[in-house]
Amino acid sequence: MERRVVITACSAISPIGHGKDKIVESLLKGISGVKTLREDELISRFIHSRVYGTVGYPIAYDFSRQHRKTMGPVAYYACQVAKEVLAQAGLPPDFVTGGKLGVAFGSIHGSPTVQRDIYKIFFEAKDKASYQGIGAVDYLKSMVHTTAVNISRMFGITGRIIASGTACTTSSQSIGYGYEAVKYGLQDAMLCGGADEYDTITVAVFDNLLACSTAFNDRPELTPRPFDRARDGLVVAEGAGAVMLEEYEFAKKRGATILAEVIGFACNSNGGDLILPNLDGITKTLRLGLENAGINADEVDLISAHATATKMGDIIEAQAIGAVFGTEPYVTALKSYMGHTMAACGAIETVLTLYMMQDDFIAPTLNLEDIDERCAMVHHVQKLVEQKVKTAAIQNFAFGGVNTSLLIRKLT
Amino acid sequence: MTRQDIEKEVRNIFLREFEVENPEMDVNLREAYGFDSIDAIELLLEIEKFLGSELTQDEKKQAMDIRTMKQIIDYIEMLAEKRKVAAEKK
């Protein structure tokens, strides 16, 4: 049994805003959310890259103590977007708790803020009293599935839990596996997404790999620069994104607002190097996505590229897009506005694509001034395009050689 | 340490750690205030700080049946008395 799956709600907390109005304003005006890296009084002083995609505005949380006690910063982001998506979808309360709604949500490694506090005690504990500083709830706050289970607990969701933790494909897998769970009748709805909190360890990892941007430390808004000749690496960022997936007939029957249909998903592995981008693997993913959706490449109007602005990654991705889609579909790189939100990027980029579908525009790739000729074989968007988008492909690739392609279509 | 001292401290702990103001003495804490297993573990740590001594594994196991404020105060009173007797023997 294969069922149609639709998106009935979406929300994001991102470096360029929280919620649709602010995010769309940033996309239309070309406002960047990249700021100067904050001092963490630990390792930040050693990091060469001084930029970070920062959620630099207050968020009015309203979580009870019972829920707060098991939540690190990453779960705050996750639960907030989940709360907004549930409110927007308007699912009946008995459905939310009845077992037919599940959660697919992840982060790259739980809460690094809480983990750091645990390790401080681990290395510095001098006596029993300091050892007891490792609280009973620290694991619940820091574990890799903390976002998914804090969401299920907060809203009483009793369906299946999928907690992907595959770095940059975490939330694209969440949406993809959520889509499959509904498509094959295992659940009637899935709340899907990903989140990551402010974390300098992730910056250090990429910085030591020479993959982080350093040339624009004094002008953060000019980086990252996907596909641009002057790009010099990625910018780590924080945020969260979520969507509600529902079985089409169920959504239609209850009069839900349908934002788009998920028409296909593919995920594969490069089966080799865990770091380097792989043209063959990525090209296969894009083809598998089209095959799964049952559409031809020329039916895709817009591609949301993974495009982190690394030297090699962007070239490989442009080559793969060129080989599979040719020069017709518009290609935009949404990380140019906010940096790489890690586990959240697939979901945030899906949410932004839905906003563009709703409001009939395509945001240009920010900072793309001089296209690298090695990335020039696709249709880059350098200026705002006011046009309807019917079908979009959102692609993400992760450390570990994991690739995803998600295809969504606006219902007419 | 009097029973009044213990009650005052337990009320302080409930307000500070669990955001529960003036819990009633005989109600089921889980049902009335959502006091759960995670809170119970935190409470044992607070009791250790209050008594200034570590609880043994057996003493912690004895706390597993506690459901009300009154039982918490009884429990701490018992622990305090036990430590007082032990100190007098030394």
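At what angle do the axes of helix α1 (residues 20-29) of chain A and helix α15 (residues 345-359) of chain A cross? In this predicted model, the two axes cross at roughly 80 degrees and come within 11 Å. That angle makes α1(A) roughly perpendicular to α15(A). On the α1(A) side the contact is built from A:Lys20, A:Ile23, A:Val24 and A:Leu27, and on the α15(A) side from A:Leu352, A:Tyr355 and A:Asp359. Sorted by class, the residues of this contact comprise five nonpolar, no polar and two charged. An α-helix has 3.6 residues a turn, so residues three or four places apart point the same way.

Helix α12 (residues 279-293) of chain A and helix α13 (residues 311-325) of chain A have axes that come within 9 Å and cross at roughly 40 degrees. The pair is therefore classed as oblique. The crossing of α12(A) past α13(A) is right-handed. From α12(A), the residues A:Leu279, A:Ile282, A:Thr283, A:Leu286 and A:Arg287 take part, meeting A:Ile316, A:Glu317, A:Gln319, A:Ala320, A:Ala323 and A:Val324 of α13(A). Seven nonpolar, two polar and two charged residues make up this contact.

The packing of the interior comes next. In soluble globular proteins, nonpolar side chains tend to be buried together. The largest nonpolar core of the model holds 125 residues, and those touching the most other members are A:Ile7, A:Ala78, A:Val85, A:Ile151, A:Leu191, A:Val243 and A:Leu245. Helix α3 (residues 73-89) of chain A supplies the largest share of this core, with 11 residues. Apart from this core lies another, of 15 residues, which includes B:Ile6, B:Val20, B:Leu29 and B:Met69. Once neighbours within four places in sequence are set aside, A:Leu245 is in contact with A:Val5, A:Ile7, A:Gly178, A:Tyr179, A:Val182, A:Ala189, A:Met190, A:Cys192 and A:Val262.

Helix α8 (residues 146-155) of chain A has eight of its 10 residues buried, so the helix is largely enclosed by the rest of the structure.

The loop between α10 (200-208) and β8 (239-247) of chain A holds A:Ala237. With 32 C-beta neighbours inside 10 Å, A:Ala237 is counted as buried. Beyond its neighbours within four places in sequence, A:Ala237 is in contact with A:Pro15, A:Tyr52, A:Gly53, A:Met338, A:Gly339, A:His340 and A:Thr341. A:Ile263, by contrast, is 26 residues from A:Ala237 in sequence and 29 Å from it in space, C-alpha to C-alpha. A:Pro224 also lies in the loop between α10 and β8 of chain A. The peptide bond leading from A:Thr223 to A:Pro224 is cis, with omega near 0 degrees.

Two backbone positions deserve a friendly second glance. Most residues other than glycine have a negative phi, and most peptide bonds are trans. A:Glu41, however, has a positive phi near 60 degrees. This residue sits in the loop between β3 (34-36) and β4 (51-53) of chain A, and A:Glu41 is exposed, with 7 other C-beta atoms within 10 Å. A:Asp360 likewise has a positive phi, near 60 degrees. The loop between α15 and β12 of chain A is where A:Asp360 is found, and this residue is exposed, with 12 other C-beta atoms within 10 Å. A:Lys388 is 28 residues from A:Asp360 in sequence, yet their C-alpha atoms are 4.4 Å apart. A:Lys388 belongs to the loop between β12 (379-380) and β13 (391-398) of chain A and, with 13 C-beta neighbours inside 10 Å, counts as partly exposed.

Finally, the two chains meet through eight residues of chain B in contact with eight residues of chain A. On the chain B side, helix α3 (residues 37-51) of chain B gives the most, with four residues. The side of chain B that touches chain A is made of four nonpolar, one polar and three charged residues.

Notes. Residues numbered from 1 in each chain as written. Chains lettered and ligands numbered in written order. Predicted model: local features only at pLDDT ≥ 70, side-chain atom pairs only at ≥ 80, totals over all residues. Axes fitted to C-alpha atoms, helices over the stretch in contact; angles between N-to-C directions. Helix = DSSP H or I, 4+ residues; strand = E, 2+ residues; numbered from the N terminus. Parallel < 35°, antiparallel > 145°, perpendicular 65-115°, else oblique. Left-handed = near helix turned anticlockwise from the far one by under 90°. Contact = placed C-beta atoms within 7 Å. Nonpolar A, V, L, I, M, F, W, Y, C, P; charged D, E, K, R; others polar. Core = buried A, V, L, I, M, F, W, Y, C linked by C-beta atoms within 7 Å. Buried ≥ 20, exposed ≤ 12 C-beta atoms within 10 Å, placed from the backbone.
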